[in-house]
Amino acid sequence: MSSSAFVGESKPYTLREKTDWIIDAAKAIDHVPGGGADRRMPGGVYVLDREHVLATPRDNGDSRYPYGRDGFNFWVYASGYMHSNEGLYSHFMRADNGQEPNIAFFAGLPDGDGFFPVPLLSVPKLIDKAATSFERFTVLSNSAAYFITTSDDLRFVVRVFVTAAKDICFSVQATNLSGQDRSIYLSSYFNPFLRHQVFEGPEDPWFKEIQVVDPAKGAGALGSFLVRVNEDMDRTMSVSNWGIFRRSISLGPGSELSHQEATTARMQYVGGSRSSLHTAASLAKGTFGQPQRVCTFVDNAIAGDMLHLDIPAGADARMDIIFSHTGDTARARQMVHEPINPDEIDNQLNELEKDDQDRHSSLALTVGQTDHRYIRPKVFNAFVEHLKRQVEFCALIKGYVQISPNSLIGIRDVCQAIESLAAWRPQAARAKLIEALGFTEPSGRCFRQYALPSKNGQIGRMDLRPFIDQGSWVISCTVSYLKLTGKYGLLTENVGYHRILDEAASTVEPAKEQDSVLNHLFKIMQYLLDHRDHGHTGCVRALYGDWNDAMDGLGVSMDPSQTYGTGVSVMATLHVLQNCQEMIELLQTLDDDRYARHVQAYRAAANSIREGLGKYAVVSDDKGHTRILHGWGDRRSYLVGGFSDPDGAARDGLTSNAFWVLSGMLKHTPDLDWLILDAFDRLDDKYGLKTFCPSFPPNVRGVGRIGKLPPGTAENGAVYIHATAFAIMALFQMGQPKRAWKQLVKILPFTDIHENLSHSPFVMPNSYGHNPKKMIDGQNMNDWQTGSSNVVLKTLVRFVFGIEPVFDGLWIQPAGWAPFKNFNAKARVRGCDIHVICETNAPRARRFTVNGKPAEGVYDHTMQIDKLWITPQQMAQKRLEIRITGC
């Protein structure tokens, strides 16, 4: 049975049925020749199907999945670590790297006069005979996580998911696989936090109280834990945050609950102030002694239990725990007595899985056979599905993903993700875009980062540093959304602004005025164009910085009385050039006559920018070698990315070369294509194209903090994947598909190249470090929240699968080479369902049919392919099947 058979069934599957499927799928991997090589990813991870990945324990990294929605992030790691937050409000604090977990589950097996405990997650790690007698693995899916601990005669599963109401559901099932009766215990441990903080202080336990609440009448009821955390929000407002752990037991035929205990004191659970979960005395004894039913102030209050069970041969027992949270005292005291039903829990998960499939169904990208060494179709197709969830996560974040006070919502970051999300969730993308537009100053200046207001309306935290590129991403995102959806009504929606009160203090207030989205775009464009170096180069000034956050020195003024000088970012300049063309196309589509003045102004600006770039951004040495600069400092007093940077080095920068193509500048300077390809060759490395080569040493004048990063990490001479993905997109546009695929294979995390990957191999990381002298070789800084995800997905959609919407139609333009023999793509463009079926290696010239009828292609001299033009009249048919044969 495939797992998709579970989704949407009228009768929800049981936990045991799903566990049986997981076990069978895992055995299938073990039993196939090659050990499941066609499903293997780095880090001991395997694809079960497109929704489920299996992760085996490892000590050089971890994989993870976020559950929840609407700003609620419950992170579940393959190791068993879990933490959650909603904004600055943390339900369970983060623990990692061998620290004591705040959520843990154990089984206890009789051992002489006591028990030996078996962790049902990979943490805490105990060194005992359980480590060798039990096999462990974790299955992470789009909607739930499953932790399997199994031996020849016992099997345990812990399932975790988050409901639509933001309740966290834990189910623990023990199954007796032996031929004789077994007596065991199951134990759970929770250390909730429930405060608007990202770090725990020594006084926080003083204000937390947990008490045991006896069970109400009803089958399977075990009683509950009631958590109260008192918190001062400010000098005048104090609140109580409530957490409720409701518990139940479901016993299979003949199984019995012989005894249960509950404690609220951490020291009682672990055995004292010198102990931890790694050495918990109660787990070895099988008892808490005289359980402590209430705890506050003198100990860190926890919710811990121990259920002693007798399970006949072939039978099972299941414990369910639902964690809920509220700020309503009356609701908390009512909820603590509400029963829970295992069938209803299973049904909620069934509905979540169906909803997940429905949300992501309008974009489907699948590949067929391949002879490529590193690309496995089953893995690639599963990766695309997880990549879509990653883009959705990045687009719809509510902030504080990194569990840091400065982890806000980046305008640049969210707009890039929105642009990609619009391909299958246009309404959600539109709503988030409108939200982001509201954090624009009436002058057209977009904030760098913002936080949403609190529930009582208090303005959130802001990052007002004027990174010049923010508005460019807003314009590109809006234009892409309109090309894809045709929903021009967006432009007439009224959106507010925020006015800066004190830039140094990062304080703002909602402005009184509101304006249409289109007028927001006009103001943003004017702000960008106003901040050019009008007196000299005509290029866009860097101010605080551009997309490359670590290069934050170019904009510094030589004049002590001025904060920012005339230093320029070439990438940002090229992006503003792209924005000029985007706005021209948009306004001509809306009403060429009505907006003629704007069109004329943007054309003049574009011509001026091209002239400045041609004159100042392309430099040569005395040997006739030529490079495109990354930028320059105030009054062009020094250059970066040329032949003599401030440290004396000749250096290549990746993003300026990539955006020379992506902005359309290459069409005006076609003789520079070789120059860009040569730069890419010099930047090439083991894991892809480096952001700079060579890296910057410390304390280089005028470049900012980038030199403080170790060489070969992050933006400083490593493969910062977001930038590499820009270059890959440029290579496809240049008609270099084999070069593009060479780099794409290097950055995709699931290939065998990445044996040292330290994060999840089924979603994009943000970088690959490489500095063998410092023992860095392919490890990552982070995963999930990274812009590399949206650029990779957009590249796949636009150039690999070849779906490229424009204002007046649609291009079907798969690249001239791909490592697959065939592929399928389904997408919705302006209400039309597009289905592209391509045989890439057919031994003849490229041919097209549309709904079974032959169609003529158009040769693109830049991309060096025949591509197909689809008119609005054709898309009015609402469904088009486009077949392509040949390269």
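I take patches to be made of residues with over 30% relative accessible area and no salt bridge, where like charges are joined within 9 Å and nonpolar side chains (Val, Leu, Ile, Met, Phe, Trp, Tyr) within 5 Å. The areas come from the Shrake-Rupley method with a 1.4 Å probe, and for residues only the protein chains shown count as cover.

I note that this is a predicted model, in which local features need pLDDT of at least 70 and side-chain atom pairs count only at pLDDT 80 or more, while totals for chains, interfaces and linings use all residues. Residues are numbered from 1 along each chain as its sequence is written, and side-chain values use heavy atoms, with hydrogens and water left out.

**Surface patch**

I looked up the nonpolar surface and found a patch of about 430 Å² made by Trp-206, Phe-207, Phe-297 and Val-298. Val-298 sits in the loop between strand S19 (294-296) and strand S20 (301-311), where helices (H or I, at least four residues) and strands (E, at least two) are DSSP runs numbered from the N terminus. Val-298 has 68% relative accessibility and therefore counts as exposed; buried means under 20% relative accessible area, exposed over 50%, and partly exposed in between (1.4 Å probe, protein chains only).

**Mixed sheet**

I then traced an open sheet of 6 strands with mixed pairing, in the order S22-S43-S44-S49-S45-S46, two strands being paired if DSSP finds at least two bridges between them. Strand S22 (364-367) and strand S46 (853-855) are at the edges with a single partner strand each, so one side of each has no neighbour in the sheet. From one strand to the next the twist averages 20°, with axes taken as lines fitted to C-alpha atoms (for helices over the stretch in contact) and angles running from 0 to 180 degrees between N-to-C directions.

Strand S43 (residues 823-829) runs antiparallel to S44 and is joined to it by 7 bridges, with Ala-827 having Ile-834 as its bridge partner in S44. The hairpin of S43 and S44 has 2 residues between the strands, and there Arg-830 takes a positive phi near 45°. On S44 I also find 7 bridges to strand S49 (residues 879-885), this time parallel, and Val-836 stands opposite Ile-882 in S49. Strand S44 (residues 832-839) has 6 of its 8 residues buried, so it is largely enclosed by the rest of the structure. Strand S45 (residues 847-850) and S46 are antiparallel and joined by 3 bridges, and Val-850 stands opposite Lys-853 in S46.

**Antiparallel sheet**

I checked a further open sheet, of 4 strands in the order S4-S5-S6-S7 with antiparallel pairing. Strand S4 (64-67) and strand S7 (89-92) are its edge strands, each pairing on one side only. Strand S6 (residues 82-86) pairs with S7 over 3 bridges in the antiparallel sense, and Ser-84 is opposite Phe-92 in S7.

**Aromatic rings**

Which residues share an aromatic cluster with Phe-92? I find Phe-74, Phe-105, Phe-170, Phe-190, Phe-245 and Phe-323 in that one cluster. The structure holds 39 aromatic pairs, counted for rings of Phe, Tyr and Trp (its six-membered ring) with centres within 6.5 Å, where planes under 30 degrees apart are stacked, over 60 edge-to-face and the rest tilted. The rings of Phe-692 and Phe-696 have centres 5.1 Å apart and planes at 75°, so I record the pair as edge-to-face; both residues are buried.

**Salt bridges**

Arg-155 counts as buried because its relative accessibility is 7%, whereas Asp-20, at 30%, counts as partly exposed.

Arg-266 forms a salt bridge with Glu-100, with the closest N and O atoms 2.9 Å apart, and both Arg-266 and Glu-100 are buried. I also looked up Asp-320 and Arg-318, whose side chains meet at 2.8 Å, N to O, and both are buried.

**Covered helix**

I ended with helix H8 (residues 411-421), which is mostly covered, with 10 of its 11 residues buried, including Arg-412, Cys-415, Gln-416 and Glu-419.

Notes. A salt bridge is a side-chain nitrogen of Lys or Arg within 4 Å of a carboxyl oxygen of Asp or Glu.
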